[in-house]
Amino acid sequence: EADALISLAPDALDNILVRLHIRDAVRTSVLSRAWRHRWEALPSLDLHFPCLGGDDGAPAGLGSLEGILLRCPARVRLFHAELDGPYAGRVHDWLFVLARRGVEILDLSFNDSFPTLPSSVFSCSRLTSLSLFGCAIPLLPAGFVAFPELRKLTLANVNLEDYGEYQLEEIIRTSPLLDYLVLTDVFIGGEYIREWVIRAPNLRHLTICSENYYGWILKDLTCLNSAVIDWFDNVVHNDFAKFLSGLVQVRKLLVVSFNAPSAMIPKIILCTFHNLKSLKLRMHFCEQPPIMLAFCLLKSAPNLEKLKIEIYDKEEQKFEANGEFQNALWTDGMCANLQVVQMTGINWRRNEMCFIELILSKARLLRALCISYGGNVVMSSEDAINELLTYKRASAEAQVLFKGKAEEYY
């Protein structure tokens with residue numbers, strides 16, 4: 001049967017072998033004499049070395065990488081490895097070879113050692129996707145030109161040296177095809193916050209998650225479709241308002257605001273999100289800042305159709321945002337196109353109930369309000385639902401759908 005398979009056309013065999021993990025492709029060499037070197041003729045390699053817990057946590061099969069690259073001269077389309085201990089010190093040599101093989105997708109995770117990545121990573125000029133976790137990024141080498149084919153850049157738990165923000169700005173600016181950017185816990189050294197620009201005219205998705213503000217300014221994001229924003233420390237409202245204005249083209253927006261300080265909340269958002277159709281907020285109703293930010297965003301999104309709120313509950317309600325307070329925040333045109341509202345993890349607190357009552361009484365096109373409760377409820381669901389049924393509805397089509405207890409989502 002193995003000999004019958006080897007008689008297939010070379011393209012058909014390649015199509016079979018490239019779908020196997022490299023370890024399985026190599027194992028075909030024991031099928032028969034004809035198969036012994038067949039895997040070495042593959043036109044491209046996808047190399048996955050996740051940490052499987054064997055060999056004291058070392059990625060299974062990574063020790064044979066040099067032998068694989070020596071015996072198979074194919075281009076490397078993808079290289080993914082979770083690295084620790086002695087393997088982290090061999091990255092420079094691997095990157096040198098991978099660059100020569102035209103690696104397109106590079107995904108490196110350093111789980112414990114947190115090394116400084118060798119500058120040879122910048123020689124991988126054919127990258128379409130670069131993901132780095134748990135390392136420090138060196139200075140750009142002299143003569144660095146660009147990643148002309150880079151479409152996806154993900155940096156998580158990564159350190160940059162002093163003035164590293166300008167280095168990151170240069171990488172983004174010289175990647176004209178970049179359409180997906182994630183910056184999660186990217187630490188930039190130095191004593192001062194310096195403004196720097198994220199300019200990516202083809203960017204379609206942006207995620208920024210950080211405990212600190214590092215001077216981001218967003219410009220020319222004309223194709224932006226979705227964004228995730230989660231940062232709350234060392235921020236004042238002027239910085240945040242300027243930052244939000246760079247997201248003006250976004251259609252789907254997620255904002256995490258449950259830890260937002262009062263200094264972060266802008267008094268007014270100077271831009272209007274005309275394209276914003278879907279807004280997701282991770283917040284609570286126990287303090288004033290997240291409530292104020294929610295209303296600021298709702299005021300600035302006249303064409304919003306879907307609102308989802310995931311509630312991260314505090315131990316107690318410290319601020320009273322009753323019906324009178326919230327009604328005073330409402331302006332003409334707010335939620336004029338809102339059709340679906342989903343509230344997950346509600347605990348029937350008075351501020352939450354007042355918000356529901358306000359939405360039902362104001363949203364004229366509302367079709368559905370979906371509610372699920374959390375783990376710190378202050379009244380029974382039966383009492384809460386009976387109260388909800390007494391609220392006036394601006395839309396004759398509005399339905400209140402009770403979904404029971406929310407599944408864990410944080």
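Biologist: Which are the buried residues of α8?

Modeller: Pro 289, Pro 290, Ile 291, Leu 293, Ala 294, Phe 295, Cys 296, Leu 297 and Leu 298. Buried means under 20% relative accessible area, exposed over 50%, and partly exposed in between, with a 1.4 Å probe and protein chains only. One caution on the source: this is a predicted model, where local features need pLDDT of at least 70 and side-chain atom pairs count only at pLDDT 80 or more, while totals for chains, interfaces and linings use all residues. Residues are numbered from 1 along each chain as its sequence is written, and side-chain values use heavy atoms, with hydrogens and water left out.

Biologist: Why is α8 called largely enclosed by the rest of the structure?

Modeller: Nine of its twelve residues are buried, so α8 is largely enclosed.

Biologist: What span is expected for helix α8, and what does the helix reach?

Modeller: Helices are DSSP runs of H or I with at least four residues, strands are runs of E with at least two, and both are numbered from the N terminus. The expected span is 1.5 Å times one less than the number of residues. Helix α8 covers residues 288–299 and has twelve residues. The expected value is 16 Å, and the helix reaches 17 Å from its first C-alpha to its last.

Biologist: How many helices and strands does the protein have?

Modeller: Eleven helices and 16 strands. The C-alpha atoms fill a box of roughly 80 × 55 × 40 Å along the principal axes. Of the 410 residues, 49% count as buried.

Biologist: Why is the count of disulfides zero?

Modeller: A disulfide is a pair of cysteine sulfur atoms within 2.5 Å. Take Cys 124: the closest cysteine sulfur, in Cys 135, is 13 Å away, so that is too far for a bond. Cys 286 also has 13 Å to its closest cysteine sulfur, in Cys 354, again too far for a bond. By this rule the count comes to zero.

Biologist: What makes Cys 124 and Cys 286 buried?

Modeller: Cys 124 has a relative accessible area of 1%, so it is buried. Cys 286 is at 0%, so it counts as buried.

Biologist: What does Arg 349 touch, leaving out residues up to four places away in sequence?

Modeller: Contact means heavy atoms within 4.5 Å. Arg 349 touches Cys 286, Asp 313, Lys 314, Glu 315, Glu 316, Gln 317, Asn 376 and Val 378. Arg 349 is in the loop between β14 and α10.

Biologist: Why is Arg 349 called buried?

Modeller: Its relative accessibility is 9%, so Arg 349 counts as buried.

Biologist: What stands out in the phi of Trp 348?

Modeller: Phi of Trp 348 is near 60°, a positive value in a residue other than glycine. Most residues other than glycine have a negative phi. Trp 348 lies in the loop between β14 (340–346) and α10 (350–362). With a relative accessible area of 1%, Trp 348 is buried.

Biologist: Is Asp 220 buried, exposed or partly exposed, and what is its phi?

Modeller: Asp 220 has a relative accessible area of 44%, so it is partly exposed. Its phi is near 60°, a positive value. Asp 220 sits in the loop between β9 (216–219) and β10 (226–233).

Biologist: Which residues does Arg 199 contact, leaving aside neighbours within four places in sequence?

Modeller: Ile 172, Arg 173, Lys 219 and Asp 220. Arg 199 is in strand β7, residues 196–199. At 34% relative accessible area, Arg 199 is partly exposed.

Biologist: How many cavities of 30 Å³ or more does the structure hold?

Modeller: One. On a 1 Å grid over the protein atoms alone, a cavity is a set of points where a 1.4 Å probe fits but cannot get out, and lining residues have an atom within 4 Å of a point. Grid points are joined across faces, edges and corners, and a volume is the space filled by probe spheres set on the points. The largest cavity holds about 90 Å³.

Biologist: Which elements give two or more residues to its lining?

Modeller: β4 (129–137), β5 (152–160) and α6 (164–173). β4 gives the most, with three residues.

Methods. On a 1 Å grid over the protein atoms alone, a cavity is a set of points where a 1.4 Å probe fits but cannot get out, and a pocket is an open set with protein on both sides within 12 Å along at least five of seven lines; lining residues have an atom within 4 Å of a point.
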